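I opened a new page for this structure. I wanted the overall picture before any detail.

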Amino acid sequence: MLIDFHTHTFPDSIAAAAVDRLQSAAHIRPFTDGTLHALRASMNAAGVDYSVNLPVATLPRQVPQINDTAARINERTPETGVLSFGAMHPDYAGWRAELARVAALGIRGIKLHPPYQGADFDDLRYLRILERAGELGLVVLVHAGLDIGLPDADRAAPAMIRRAVRSVGPLKLVCAHMGGWRQWDAVEALLPDTGVYLDTSFSLGRVTPNGDGYPWAEAALPLMGDAQFVRMVRRFGAERILFGTDSPWGGQPDALRRFRETPLTDTEQAAILGGNAARLLGLTKRRAMPNAR
Ligand SMILES: [Zn+2]
């Protein structure tokens with residue numbers, strides 16, 4: 001079973017504008033047009049059984065609408081393989097009731113993004129969301145570390161994640177980008193004993209510039225090397241690592257090829273590529289539905 005734990009899609013009506021805005025901010029190349037249809041085509045090409053879609057509420061008022069859309073996407077998961085998380089925003093006044101509604105809708109988790117939501121991850125507004133999500137059994141996936149599109153917003157640093165996890169009750173927390181994008185030494189120092197999961201998105205390999213004339217320094221292109229990646233997998237335990245691509249900001253076939261080149265054992269790779277995610281999300285293999293749109 002192959003599960004991509006970190007993807008993004010946008011409603012058809014806004015996908016082109018959203019992808020354009022984000023690639024201009026980050027100067028990186030998109031690998032699809034950002035629609036659900038394009039993600040499905042990519043999954044077919046790469047042999048991905050399920051993709052987890054992670055919507056971000058950048059404004060509080062977007063929260064209920066995003067969660068309604070997530071529930072609609074999930075009605076078709078058996079056909080499409082796309083499973084959507086919901087969203088929450090630290091300034092959404094009805095956070096408590098909305099989290100209960102998310103759980104009642106059968107949505108398995110929520111996405112939080114401190115740099116884009118303008119709050120530190122150990123802020124009380126996030127802690128109360130984490131506490132409640134844990135009580136409801138919702139998985140929380142947080143953008144972790146720096147963000148390529150907002151390089152000055154240091155709001156999801158490993159030290160903040162450590163403080164947050166130690167302040168709340170039991171919680172299934174996934175820290176994206178191997179626990180902290182471009183803060184990997186601190187992740188290794190501060191997070192192995194916290195019980196958090198890490199997703200692999202945007203960690204191995206190199207940044208792929210979009211060629212818009214922005215002068216990337218050569219030294220800024222390489223991401224995490226194989227040696228640190230393998231060391232981190234073994235320090236955290238392969239059972240706590242989830243394969244993710246950040247599609248459309250990574251290409252699923254390329255990311256899979258790159259991951260399979262690492263010297264991890266077949267057992268470790270199988271767990272990371274799908275076994276762990278299937279357990280965390282309660283997913284079983286989909287029946288082949290060749291005619292599904
Ligand atoms: Zn992402």
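**Whole chain.** I am working with a predicted model. I looked up the secondary structure and found 12 helices and nine strands in the protein chain. Next I took the extent of the C-alpha trace. Along its principal axes the trace spans about 50 × 45 × 40 Å.

Does the radius of gyration of the protein chain agree with that of a compact globule, or disagree? For 293 residues, a compact globule would have a radius of gyration near 19 Å. The protein chain has 18 Å, so the two agree.

**Burial and contacts.** I checked burial next. Of the 293 residues in the protein chain, 46% are buried. Then I turned to contacts between residues at least 6 apart in sequence. In the protein chain, 77% of these join residues at least 24 apart.

I then picked out an open sheet of three strands. Its order is β1-β2-β3, and the pairing is parallel. Which strands are at the edges? They are β1 (3-7) and β3 (82-84), and each pairs on one side only. From one strand to the next, the twist averages 25°.

**Between β2 and β3.** I looked at how this pair is joined. Strand β2 covers residues 50-53 and runs parallel to β3, with three bridges between them.

What does helix α2 touch? Helix α2 (residues 36-46) packs on the sheet and touches β1, β2 and β3. I also noted its direction, which makes about 130° with that of β3.

Definitions and conventions
Residues numbered from 1 in each chain as written. Predicted model: local features only at pLDDT ≥ 70, side-chain atom pairs only at ≥ 80, totals over all residues. Pairing = 2+ DSSP bridges. Helix = DSSP H or I, 4+ residues; strand = E, 2+ residues; numbered from the N terminus. Axes fitted to C-alpha atoms, helices over the stretch in contact; angles between N-to-C directions. Contact = placed C-beta atoms within 7 Å. Rg over C-alpha atoms; globule rule 2.2 N^0.38 Å. Buried ≥ 20, exposed ≤ 12 C-beta atoms within 10 Å, placed from the backbone.
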